[in-house]
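Visitor: I would like to learn how to read sheets and helix packing in a model like this one. Please take me through some cases.

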Amino acid sequence: MALSTDAASALALLRAACAVPEAFLALFKLIDGTSNGRFGWLGHGEGAVSGDDFAREDHRWRPLLRRSIGEGTEFPLFPQISRLDYTLSELASGELMTSERSRDLVIALRVLDAAFHGVHPGEVLPADDKDGFVKLRTKVRMGAPLFEADGLKVFPKPRRVNPVDLRGQGRLTDLLSNLAVVASGPHLEVVNICAFTGKALGPSSFSRIGVIPAIDAHTELLWRKEAHNRYSVEQHPGFAATVQSRVRDALHLLADRNVELVLLPELVSSPALIALLGEELASRSLAGQPNPHLVLAGTQLIRGGTTSRNQALVLNGSGDTLWRQDKLHAYRFTAHEQTGAGLPMGSDELADRIEAIDVEPRVLHIVDLSASQRIVVLTCEDFVQPDPHSATIADIAATTLLVPIMSGARRGPSEGWIHDAAMGYIRRPGATCVVANSGALLGADREGWQFGHIAAVRRVSEDWKPLPDAAAPIAWLAELPHSV
């Protein structure tokens, strides 16, 4: 549709009076529908939409808008916010989207966004909390977006421990402080989970992170050649006791050092290993011993009927399952890579093979541990492929990406595909990326290898310590100089 038609439609809605969520979405769609709407104000500088003019509008309108949201009533004064009536009337009459008009529209949008401060379930402002805010937070706690319309879903944004610089950001939702707008599509379902109770919020950040490689060599895994040049990997039953003992000892080594987050890599897990982790965590919790806030129990091959999934599972500090995340992309394991990895499937019928998993339908779980900790799990190939999830992760402002992988050695921790992939998520949405690798494909080339990698907005100097400090460590601990 033409800009003039869209502007006329938005103006009619705002003049007729509507609820604040409706006005927010109408204005968002209008601005986001044209590049001049999203970026026209940039010529004035970032201060143009976040400086004194915005502050004056916000001071004037926030109490009234919050009252309307809290009481669930329509708001009759939208056209007066940041000259909306004048600006939209000009656009509706066929005028172009100039930098000044774009600036006024963006300021108005940010004023509406500011009125939703405190809408995250982990962040309550009791001084002016009313039924409307309680209902919105309850919807999110139940897994629904705050509100939605016309293919757009709106979620609360997490509070940033390390605020992201807007410079270089490319999406309108980056300008918002309280609301995250996500475009829903046919190829990806987004599920938002609040993994905390009102009295037991999770961590606001992590500063002590542990990795348990679990697998020492590809012989501890069962590699199968599947039909149609596909392959599958799962934990070898013949090594189950060895792997379980190794992981149990590693978990206790890390937990005794007050680690906050523990990760196991890709395809090293099994139902028995997950049960063991749950039992050990529950036992430590009952005994009052220190436990991590979160344990990514690796991923495992899940077969059911005619389908199979590469599925990650995440436990809390009591050993309870918080969520599961299926891998979104099948990996292509080339003949060249198989040769460099020691031929895990043998030398017969050597060919490029595709991971024998199903990826459709794709569901991405966005999990809030607290008002400032939003977690996403991306398994190996998901970390590299941008579609259909990377824009969603940016829009919803994930703060932490947990990445279980199975990869060969690389030249250094700041080189290769892992670091390159992390750089994209560091810039947008400004997430901390925590990667855990197994020893499956490393072979004998392990000198200086830490099995973990951390990349964050605030640059971190990784100081990985082997546990125990011996020839064959079973765990690695990163003690960061500041929280991420």
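Visitor: How many bridges join strand 10 to strand 11, and do the two run parallel or antiparallel?

Guide: Strands of a sheet pair through backbone hydrogen bonds, either parallel or antiparallel. In this predicted model, strand 10 (residues 307-316) and strand 11 run antiparallel and are joined by 5 bridges. Within that pair, Leu 315 has Thr 321 of strand 11 opposite.

Visitor: What is the strand order of the sheet that holds them?

Guide: The order is 11-10-9-8-5-20-19, in an open sheet of 7 strands with mixed pairing. Strand 11 (321-326) and strand 19 (464-467) each have a single partner strand, so one side of each has no neighbour in the sheet. On average, neighbouring strands are turned by 25 degrees against each other, direction ignored.

Visitor: At what angle do helix 9 and helix 10 pack, and how far apart are their axes?

Guide: Two packed helices are described by the angle between their axes and the distance between the axes. For helix 9 (residues 240-255) and helix 10 (residues 271-286), the angle is about 30 degrees and the axes are 10 Å apart. Angles under 35 degrees count as roughly parallel, so helix 9 is roughly parallel to helix 10. The crossing is right-handed.

Visitor: Which residues make the contact?

Guide: From helix 9 they include Val 243, Val 247 and Leu 251, and from helix 10 they include Leu 273, Leu 277 and Leu 281. By class, the contact has 9 nonpolar, 2 polar and 3 charged residues. Among the contact residues are Arg 248 of helix 9 and Glu 280 of helix 10.

Visitor: What is the order of the sheet of 6 strands?

Guide: That open sheet has the order 4-14-15-16-17-18, with mixed pairing. Its edge strands are strand 4 (189-194) and strand 18 (452-455), each pairing on one side only. The twist averages 20 degrees from one strand to the next.

Visitor: In what sense do strand 16 and strand 17 pair, and which helix lies across them?

Guide: Strand 16 (residues 400-405) and strand 17 (residues 432-437) pair in the parallel sense over 6 bridges, with Ile 405 opposite Asn 437 in strand 17. Helix 14 (residues 417-427) lies across strand 16, strand 17 and strand 18, at about 30 degrees to strand 18.

Conventions: Residues are numbered from 1 along each chain as its sequence is written. This is a predicted model: local features need pLDDT of at least 70, side-chain atom pairs count only at pLDDT 80 or more; totals for chains, interfaces and linings use all residues. Side-chain values use heavy atoms; hydrogens and water are left out. Two strands pair if DSSP finds at least two bridges between them. Helices (H or I, at least four residues) and strands (E, at least two) are DSSP runs, numbered from the N terminus. Axes are lines fitted to C-alpha atoms, for helices over the stretch in contact, and angles run from 0 to 180 degrees between N-to-C directions. Contact means heavy atoms within 4.5 Å. Angles under 35 degrees count as roughly parallel, over 145 as roughly antiparallel, 65 to 115 as roughly perpendicular and the rest as oblique. A crossing is left-handed if the near helix is turned anticlockwise from the far one by less than a right angle, and right-handed if clockwise. Ala, Val, Leu, Ile, Met, Phe, Trp, Tyr, Cys and Pro count as nonpolar, Asp, Glu, Lys and Arg as charged, and the others, Gly among them, as polar.
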